[in-house]
Amino acid sequence: MELRFFIIRRLLLIIPTLIGLTIIVFVLMWSLPHTFLASAFINPKAPNRAQQIINAENALGLNQGIVLGYLHYLGNTFTGNWGYMTLSNPIKYSGTVLSGIGLFFPNTIQLVIFAAVLSILISIPLGTYIGARPNSLADHLGRIFSLSFYAIPVFVLAIVFQVIFGQGVIAGNPLGIFPISGTFTITSQIAISPPSWLISGVGGVVLSKPTHLIVFDALIAGDYSLASNAFMHLVLPVLVLTLSLLAGILRFLRASMVDAANSEYVKTARSKGVPEGKVIKLHMRRNALIPTVTVLGLLFASLLGGVVLIEDVFDYPGIGYLALSTILSGSIFGVLGTTFLFGIVLISANLLVDIAYAILDPRIRY
Amino acid sequence: MVQETVVRNEGQLQPKRHSRFENANSTFRLFLKNRLAMVGLVITVIYFAIAVLDSVYPQWLGVSNLSTALNFIPGHSANLALPTAPSFSGSWWFWLGTTYSRIPILPVVLGALRIDLAYTVLIVFVGMSVGVIVGSIAGYFGGIVDEIVMRVTDVFFSLPFFVFALAIVYVLGFSFTNVVLALMIIWWPTYARLSRGLALETKSLKYVEASRASGASNFRILVSHIIPNVLSPVYVQISLDLGSVIQLFAAIFFLVGSLGASAYPIEIGYMISTGESYLAQGIWWPVIIPSLFLLVFTVAVNLMGDGLRDVLDPKLRR
Amino acid sequence: MYSIQNLEDKESKEEAKEEDAYLKVTDLVTNFYTSRGIVKALDKISFSINKGEIFGMVGESGCGKSVTALSIMDLVPDPPGRVVSGKVEIDGFNIFSDLANIVRIRIKSQTDVKVKRNKRALKKHNFMLSKIRGKKAGMIFQEPSLSLNPVLRAGEQITENILIHNKKPIADSLINRANLSLDDLKHLVEEVQKNKENVRSILNEWCRSNALVDLETQINSIFRNYSDPAEIESEIVSLIKAGLTSVDKRSLIEARDYYSYIEKAENLQLSLYAAEEGSDRELISSIEKELEQLRLKEGTRYRFYSIKRIFTGRKVERVFKAEAERRAKEILSLVSLPDPERIMRSFPHELSGGMQQRVMIAIALASDPKLLIADEPTTALDVTTQAQILRLLRNLNKLVGASILFITHDLAVIAEMCHRVAVMYAGNIVEVGEVLEIFDSPKHPYTVGLLGAIPTTQAKTDAGVNMHTIPGSVPNLITPPSGCRFHPRCSFVMPVCSQSKPKLVELETGRKVACFLYSSEVDD
Ligand SMILES: Nc1ncnc2c1ncn2[C@@H]1O[C@H](COP(=O)(O)OP(=O)(O)OP(=O)(O)O)[C@@H](O)[C@H]1O
Ligand code: SF4
Ligand SMILES: [Mg+2]
């Protein structure tokens with residue numbers, strides 16, 4: 001009932017946020033030399049270059065002042081005209097920004113879904129358990145665990161895991177069973193005659209049908225060996241991402257469990273004779289999840305930073321890797337496009353977080 | 001102890017109220033009793049001492065900039081030579097081994113701390129000051145000011161800060177200053193949100209209402225009631241943020257290094273990236289040792305922050 | 001002759017009182033082990049509350065009233081607090097019978113105390129508590145807005161209590177309703193039609209014979225609200241058979257058998273624990289044997305059921321829940337909340353302070369406990385609401401016959417509400433007695449001060465106002481004054497007062513005072 005209104009209100013609040021995001025990205029763009037912008041916007045190999053540049057200037061509104069320029073930018077952004085990018089390092093790609101993103105984004109989604117689901121599935125029961133037993137042995141271990149994984153730089157974790165568990169990094173290492181780069185092994189057989197559900201993209205990146213998530217597509221297509229191969233490729237990046245996210249959630253959940261344990265309503269629950277297990281799960285955890293969920297948005301923002309670093313270390317063709325490539329290749333519209341995309345991802349994540357918050361906490365659904 | 005004095009004929013049964021000084025004093029005493037927080041405090045202080053020492057007395061490490069450091073290194077031209085392992089036999093420079101191109105790790109890491117800490121502190125304090133002022137004003141005045149500040153912070157919260165920092169750095173051009181600028185731009189909204197909420201809470205406290213009723217000006221109330229009340233959770237946040245920012249800072253330079261940029265800043269993340277390729281040969285120290293310096297600092301400020309939160313939150317006091 | 005008679009009367013009255021005690025607290029000690037030192041919050045306090053009595057407890061802020069209330073239910077926040085020794089008997093069960101085994105407290109220094117818990121003993125203790133809390137005693141706290149769980153609907157919080165303690169009675173009542181034949185009902189309606197004056201007694205008779213007493217009031221109101229026999233019939237049917245259509249009688253019976261087995265086993269367990277406290281080996285072993293047999297005979301059968309319940313028991317549980325909700329609504333109207341339907345669906349923040357406190361009372365009452373512990377239930381409310389809540393509590397005391405431990409620092413409220421009162425000072429009970437007697441002739445210097453210096457009947461009206469006439473302030477309980485804790489503030493102080501602690505002795509029937517002015521007995 002009221003929840004519906006909350007969601008509508010929250011959806012409306014996306015509009016100013018989106019405007020803010022576009023303004024910021026636009027300002028980044030506008031602050032660069034306009035001649036450079038115009039020539040970067042188009043396919044460098046296109047014929048009739050001079051005319052193309054003039055077209056680009058018009059499309060971007062470069063000569064029409066900052067306000068119209070912004071409106072042009074808005075129009076381009078929402079009609080999908082995100083410009084052109086030519087990448088050379090480390091990804092080799094040439095094409096429109098949007099189709100490039102379409103190529104790399106699914107891999108990141110796959111990574112983040114696995115990491116997010118895994119860390120939530122582990123952290124909630126674990127956090128409940130240790131949060132309900134402050135200062136016990138389990139609590140101390142849990143705190144050491146979460147503080148250390150919170151404090152280890154994610155890129156260090158990534159390179160260390162890569163060395164310890166990476167296939168063929170150290171000769172004869174029995175632990176080295178996980179592939180260390182890419183999303184799956186392109187065997188010679190796949191290279192010669194790719195199955196119909198694999199659409200070969202540009203620059204060695206492969207898009208799969210129908211979900212674009214390779215592990216699931218391989219499962220759907222019944223190619224279990226490819227599915228397991230792709231899954232093995234995911235293990236290390238997902239593990240690193242999960243550990244860092246897990247540590248963050250665990251810290252907050254534990255702290256809020258301890259807060260909840262000191263609350264009056266828990267006393268009330270005990271005074272009713274509610275069994276301890278139910279006091280912990282229903283009364284303490286339900287309340288402790290509320291502050292935890294509010295920090296999930298922040299954690300997710302830092303998770304996206306982790307995605308960039310991890311994709312860099314594991315040469316994983318996702319949008320983090322793409323973002324890096326656009327910077328290294330000096331492709332301005334690639335940089336702006338990926339930044340905007342990251343912003344959209346975060347806005348959506350924050351939306352979900354707020355809805356979860358409203359579901360958990362009846363007090364804010366006014 | 002404090003309340004034991006029996007005051008006769010005072011006509012009041014309420015226990016004597018602690019003065020602010022006594023309160024701060026007892027808070028500090030409680031903090032001192034929290035062993036983990038003390039460990040965190042001591043480590044943090046040592047880190048900052050090293051950084052300060054290196055700034056005021058550069059000869060101590062002698063590596064204030066790497067080009068001079070490079071000149072000092074015997075066999076510097078042998079770039080392809082492998083790093084040497086930690087060894088206590090020679091000069092203290094080599095106690096923790098060397099990294100890429102035989103740069104000695106110990107003095108360079110200590111030198112890098114100076115830069116990392118200086119910029120981290122700068123970022124956090126500028127972010128904090130802007131955030132606290134903006135947030136307190138928004139929370140105190142409410143209405144349209146509040147709404148605008150909330151929407152602006154909303155925008156910043158929807159910026160993936162790492163990617164955004166990279167983008168800013170790309171547009172402005174790569175340099176320390178620009179990285180710092182980018183992180184400052186990103187960092188203030190956290191404080192604005194935090195202090196806004198606290199200001200909102202403080203505003204409705206009885207004594208603030210009383211002082212408003214007695215005609216105190218808005219500025220006075222802000223400065224003497226709202227901001228002081230906002231600050232204690234902010235201290236906790238600062239403490240935790242020192243860890244986050246130093247990591248972010250290092251991460252950006254790690255990327256710069258691992259992507260093959262050819263600048264040679266003395267920075268911990270960058271140092272880690274120079275050692276990355278040796279790991280597979282079992283040469284762990286170029287990566288692990290600088291990482292440990294980072295990790296220990298992050299753990300220390302977090303312990304300190306947690307300890308601070310425990311003593312500042314009267315609910316958890318015991 | 002007359003005097004002897006009188007004396008005998010008194011004696012028998014006294015005996016009855018002893019037996020009638022529903023709550024008996026003996027030498028209860030509760031400490032808080034804080035980083036500043038050990039707070040000796042309760043220093044061997046003893047009192048008892050009789051069945052149906054409203055027992056007041058007054059004292060200045062910080063004297064340990066809340067700690068007393070919490071200690072009775074072992075709800076003292078731990079850490080830092082612990083009940084250290086003493087007995088709390090509720091309805092004959094001492095919940096702290098095994099206290100020495102539950103926690104071992106090693107005091108290294110005043111600020112460094114290690115508490116070790118024994119898991120086994122703790123399990124037994126928790127079992128005892130689960131049978132006491134909510135079921136035999138309910139609790140009402142000072143701040144209703146903080147004491148209700150903000151994320152659960154009021155209804156959920158009440159039904160939770162009902163479902164924890166009343167599965168078996170609910171099952172019984174459901175089965176009785178399922179058993180009811182429609183012919184029986186028709187018969188009832190016809191009879192009432194014929195004999196309109198005697199609706200009440202007919203209904204009462206009928207409900208009794210069909211074991212539907214818990215629905216009597218609602219059926220009665222149906223008769224009052226409807227006139228058409230067919231309508232009445234259908235209303236009653238929908239009341240009685242509500243929710244029952246979705247579940248067959250067999251699974252209801254199965255559930256009932258299961259819960260009555262559980263109840264039987266738990267009761268045996270409880271009496272076993274009670275017996276273990278004494279030294280009657282024979283009794284213990286006979287109960288043990290009985291329990292063993294019960295487990296052998298029935299337990300195996302129900303081991304299955306508890307698994308099966310997870311898969312097929314949903315429907316039954318839903319019917320149980322519906323019935324619990326019906327009962328919750330009844331309780332909500334008992335605490336005079338209008339529109340129980342809406343309240344059930346509300347979250348705490350949607351209710352006013354007075355409504356929240358009524359919901360809190362409803363929660364405490366949900367399983368029909370015979371003791372209510374109310375810790376300043378009106379302090380957080382505005383004046384008119386305060387009066388309403390007080391009236392409600394008084395009515396409930398008469399209506400459901402629950403004893404109330406009523407904690408307040410408002411003497412006027414005590415005068416209005418309570419039968420007897422205990423005066424607390426710095427972790428001690430200094431005086432106990434009938435309210436009127438205490439107000440008329442306070443004995444303990446602290447009580448005298450509290451009531452306004454001179455013991456006159458006038459004190460009653462001036463009470464509350466005169467709370468601030470005692471010089472000095474409440475002592476710090478980490479280093480309490482030696483001997484009588486009141487001695488630094490007492491105007492009658494004698495040398496002995498700072499050396500030894502006066503014992504709470506009975507001066508006359510039902511009147512106890514702890515002061516050397518009245519008795520030289522020393523508490524060790
Ligand atoms: N969690 C705690 N930690 C330490 N000491 C405590 C704690 N709770 C209560 N105490 C101490 O126990 C003593 C009794 O407190 P209690 O709350 O029972 O007072 P009260 O009589 O209920 O006062 P009020 O009228 O203000 O409610 C106080 O001296 C207090 O300092
Ligand atoms: S025992 Fe002594 S100090 Fe205590 S109340 Fe009685 S006279 Fe006063
Ligand atoms: Mg109290």
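Reader: How many residue pairs between chain B and chain A are in polar contact?

Author: In this predicted model, three residue pairs between chain B and chain A are in polar contact, with both partners at pLDDT 80 or more.

Reader: Which helices of chain B each supply at least two residues of the side that touches chain A?

Author: They are α5 (143-157), α6 (161-172), α9 (218-258) and α11 (285-312) of chain B. The largest share, 10 residues, comes from α11(B).

Reader: What makes up this side of chain B when its residues are sorted by class?

Author: The side of chain B that touches chain A divides into 30 nonpolar, seven polar and five charged residues. In the area buried between the two chains, about 4,000 Å², carbon and sulfur atoms give 77%.

Reader: How many residues of each chain are in contact across this interface?

Author: On chain B there are 42 such residues, and they are in contact with 49 residues of chain A.

Reader: Why is the pair of Arg251(A) and Asp306(B) called a salt bridge?

Author: The closest N and O atoms of Arg251(A) and Asp306(B) are 3.7 Å apart. The cut-off between a side-chain nitrogen of Lys or Arg and a carboxyl oxygen of Asp or Glu is 4 Å. The pair lies within that limit, and therefore the name applies. Across the interface of chain B and chain A, the rule finds one salt bridge.

Reader: What makes the pair of Glu60(C) and Arg489(C) a salt bridge as well?

Author: The N to O distance between their side chains is 3.3 Å, and the rule asks for a distance within 4 Å. Over all chains, the count comes to 33 salt bridges.

Reader: How do you know that Ser61(C) makes a polar contact with ligand 1?

Author: A polar side-chain atom of Ser61(C) lies 2.6 Å from an oxygen atom of ligand 1. The limit for a polar contact is 3.5 Å, so the pair qualifies. Polar backbone atoms also come within that limit: one of Gly64(C) is 3.1 Å from an oxygen atom of the ligand, and one of Cys63(C) is 3.3 Å from such an atom. The protein covers 68% of the 620 Å² of accessible area that ligand 1 has on its own.

Reader: What makes up the shell around ligand 1?

Author: Its residues divide into seven nonpolar, six polar and three charged. The element that gives the most is α2(C), with three residues.

Reader: What makes up the shell around ligand 2, by class?

Author: The shell around ligand 2 has 10 nonpolar, two polar and no charged residues. Among the residues that surround this ligand are His444(C), Cys484(C), His487(C), Cys490(C), Cys497(C) and Cys515(C).

Definitions and conventions
Residues are numbered from 1 along each chain as its sequence is written. Chains are lettered from A and ligands numbered from 1 in the order in which they are written. This is a predicted model: local features need pLDDT of at least 70, side-chain atom pairs count only at pLDDT 80 or more; totals for chains, interfaces and linings use all residues. Side-chain values use heavy atoms; hydrogens and water are left out. Contact means heavy atoms within 4.5 Å. Buried area is the accessible area (1.4 Å probe) that two parts lose on being put together, summed over both. A polar contact is a pair of N or O atoms within 3.5 Å; within protein, one must be able to donate a hydrogen and the other to accept it, and residues adjacent in sequence count only if both atoms are side-chain atoms. Helices (H or I, at least four residues) and strands (E, at least two) are DSSP runs, numbered from the N terminus. Ala, Val, Leu, Ile, Met, Phe, Trp, Tyr, Cys and Pro count as nonpolar, Asp, Glu, Lys and Arg as charged, and the others, Gly among them, as polar. Accessible areas come from the Shrake-Rupley method with a 1.4 Å probe; for residues, only the protein chains shown count as cover. A residue is near a molecule or strand if one of its heavy atoms lies within 4 Å of it.
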